Amino acid sequence: MSSEPLARWSYAAGSIATTVLGCLLFVGVVLSIFVYSKFQEPVLAQEQLSELGVVLWPTPRELNPFELETADGARFTNADLEGRWSFLYFGFTNCPDICPTSLAALAQARRQLQSDAPGLVEQFQGVMVSVDPERDTAEKLLAYLDFFQADFRGVRGERDAVATLATDVNVAFAKMPSETDAYTIDHTGNIVIINPMGHYHGFIKLPHQTDTLVQVVRTLASTF
């Protein structure tokens, strides 16, 4: 073989190798972008959060000292809201619609995080604070929450003690006459967000959707 054809063959082989290498590098970059976009914690901008009904305070607010009791008999104080993100829902077990719908969405969000981002579950605490201490006994509260999510904490206490915490997080509740029962409770339906420092960080308006709650948890965990 003369030197000229050999040179042409070498040049062609080199060009093919360069092309293949370039293609592999391109595929690698595309895969890297895909993996990054797939597994990074998505962060929503303030405008996006607002569109989803999420309100975050520019400066989170400290809570006044409070003392309630969990459904299993333990003290529940400010310290129990520190170290992770807590999502508080003020409701009652006789609630016909809003309470079970919101708690179901919150429970489903936790299960979805357990499946897709198990590391975030350790930063997630669901808490239901009863606004009907007369009827919501510890046993009733435990059974009610177990239906949604066994890891959720049920909290109860004297009406004034519950009102102290509720006022701090802009939640109102009042006993109202009912045609089908002795009384019902009108109450604010927001899910209250408490940050890992135990401060009132914001709230999530009704209606509560699982996807929204998951996005909020991911965003909060990524930005705090």
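The side chains of Asp132 and Arg135 are joined by a polar contact of 2.6 Å (a pair of N or O atoms within 3.5 Å; within protein, one must be able to donate a hydrogen and the other to accept it, and residues adjacent in sequence count only if both atoms are side-chain atoms). This is a predicted model: local features need pLDDT of at least 70, side-chain atom pairs count only at pLDDT 80 or more, and totals for chains, interfaces and linings use all residues. Residues are numbered from 1 along each chain as its sequence is written, and side-chain values use heavy atoms, without hydrogens and water.

**Asp132**
- Asp132 sits in the loop between strand 5 and helix 5 (138-148). Helices (H or I, at least four residues) and strands (E, at least two) are DSSP runs, numbered from the N terminus.
- Asp132 counts as buried because its relative accessibility is 0% (buried is under 20% relative accessible area, exposed over 50%, partly exposed in between; 1.4 Å probe, protein chains only).
- Neighbours within four places in sequence aside, Asp132 is in contact with Phe92, Tyr183 and Ile185 (heavy atoms within 4.5 Å).

- Eight strands form an open sheet with mixed pairing, in the order 1-10-9-4-5-6-2-3. Strands pair if DSSP finds at least two bridges between them.
- Strand 1 (54-61) and strand 3 (75-77) are the edge strands, each pairing on one side only.
- Strand 9 (residues 191-194) pairs with strand 10 (residues 200-204) in the antiparallel sense, over four bridges. Ile191 stands opposite Ile204 in strand 10.

**Helices across the sheet**
- Helix 3 (residues 98-116) lies across strand 4 (85-91), strand 5 (124-130) and strand 9, at about 160 degrees to strand 4. Axes are lines fitted to C-alpha atoms, for helices over the stretch in contact; angles run from 0 to 180 degrees between N-to-C directions.
- Helix 7 (residues 210-223) lies across strands including strand 1 and strand 10, at about 140 degrees to strand 4.
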